[in-house]
Amino acid sequence: MNRKASELTEKETTINDNHLQHIWIVALLANICCALWGSAFPSIKVGYAWLDISRTSDQIVFAGLRFTLAGIQLFALYPLLYRRVCRLKRGMYSKAFGLGMVQTFLQYFFFYIGMSNITGVKGSIISAANSFFVIVLAHFFVRGEQLNLRKSVGCLLGLAGVIAVNWGGDLSGGMSLTGEGFMLIAGFSYGSAQLLSKKLVRDENPVAITCYNFLFGGASLLAVGFLMGGMIPHFTARSLLLLFYMGVISAGAFSIWTLLLKYNQVSRISMFNFMTPVYGCLFSALVLGETFLRPEVLAALALVCAGILVVNRK
């Protein structure tokens, strides 16, 4: 019986491994993640407007609520998916806590403060450095992920696409630690977290890892936000619905992304991150009424797609 169960598990793993390495499935799932993350930009702006959030401490509390809710959503969904309570193996809780501190707490703490001190255009362009951090860190710390000409060209095309989508914006101004500096720290945290996720999901369910990552990181954001003097906003029915959707964004996108990391090279998956600003522009047009069908946006889409193709070309 044990032998049959072992063979079945091995067969299921092989099937998942084969399917989740297929380029079209990878492209579809990665684009779903990027579309969800892209929709977060207008969602955050709408949430700030509806809840009258302007202070940094309140923004940190809002972020903490978002990710704590995402963790609770995954915790509730887990038994429906796997017919058991969401638990980690012995010794994995401390590792999930570490991931939560790097990916959720550090990244979004510095991201929210950094974005409050620079323009949106600068924030979008600097955020594109996330993929560079992932690929460069993977070169040094992940076997078989060495940086080569193909990856370098793909990254440059992706960055060119992000710059193109923001062409004509205000890129003036100097550098500041709490602005551009904090955004780069957030990007470094993101890159480090991708490598940690890749390592943890070898021995644990990606959804379970994501669940506790959000619970630990979200609770820490809430605690620090309150210590900074932040307050829970006065929610209405529509703002609660928006917060619920933002939880779905995080829970769904990070779970799928972590699953992709389990079966693919980090650099291969991270290249799709360049699609996030493109989706952000599209959803901003739909939700906020901003113009989307501009030459620079179409050029950005072409450049980003070219970069992804270059990196994934056999």
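**Exercise 1. Decide whether L77 is buried, exposed or partly exposed.**

*Solution.* Start with the value: L77 has 38% relative accessibility, so L77 counts as partly exposed. The cut-offs are under 20% relative accessible area for buried, over 50% for exposed, and partly exposed in between, with a 1.4 Å probe and protein chains only. Helices here are DSSP runs of H or I with at least four residues, numbered from the N terminus.

A word on the model before going on: it is predicted, so local features need pLDDT of at least 70 and side-chain atom pairs count only at pLDDT 80 or more, while totals for chains, interfaces and linings use all residues. Residues are numbered from 1 along each chain as its sequence is written, and side-chain values use heavy atoms, leaving out hydrogens and water.

**Exercise 2. Find the salt bridge and describe its two partners.**

*Solution.* First, recall the rule: a side-chain nitrogen of Lys or Arg lies within 4 Å of a carboxyl oxygen of Asp or Glu. A search of the whole structure gives 1 salt bridge. R55 and D58 form a salt bridge, and their closest N and O atoms are 3.0 Å apart.

**Exercise 3. Classify the ring pair of W37 and F254, and say which helices hold the two residues.**

*Solution.* Rings of Phe, Tyr and Trp (its six-membered ring) pair if their centres lie within 6.5 Å; planes under 30 degrees apart are stacked, over 60 edge-to-face, and the rest tilted. By this rule there are 15 aromatic pairs. For W37 and F254, the centres are 5.2 Å apart and the planes stand at 65°, so the pair is edge-to-face. W37 belongs to helix 2 and F254 to helix 10 (residues 237-263), so the pair ties together parts that are 217 residues apart in sequence. W37 is buried at 10% relative accessibility, and F254 is buried with a relative accessible area of 2%.

**Exercise 4. Do likewise for Y93 and Y212.**

*Solution.* Y93 and Y212 are 5.3 Å apart centre to centre, with 85° between the planes, and form an edge-to-face pair. Y93 lies in helix 4 (residues 93-115) and Y212 in helix 9 (residues 206-227), so this pair ties together parts 119 residues apart in sequence. Lastly, Y93 is partly exposed at 33% relative accessible area, while Y212 is buried at 10%.
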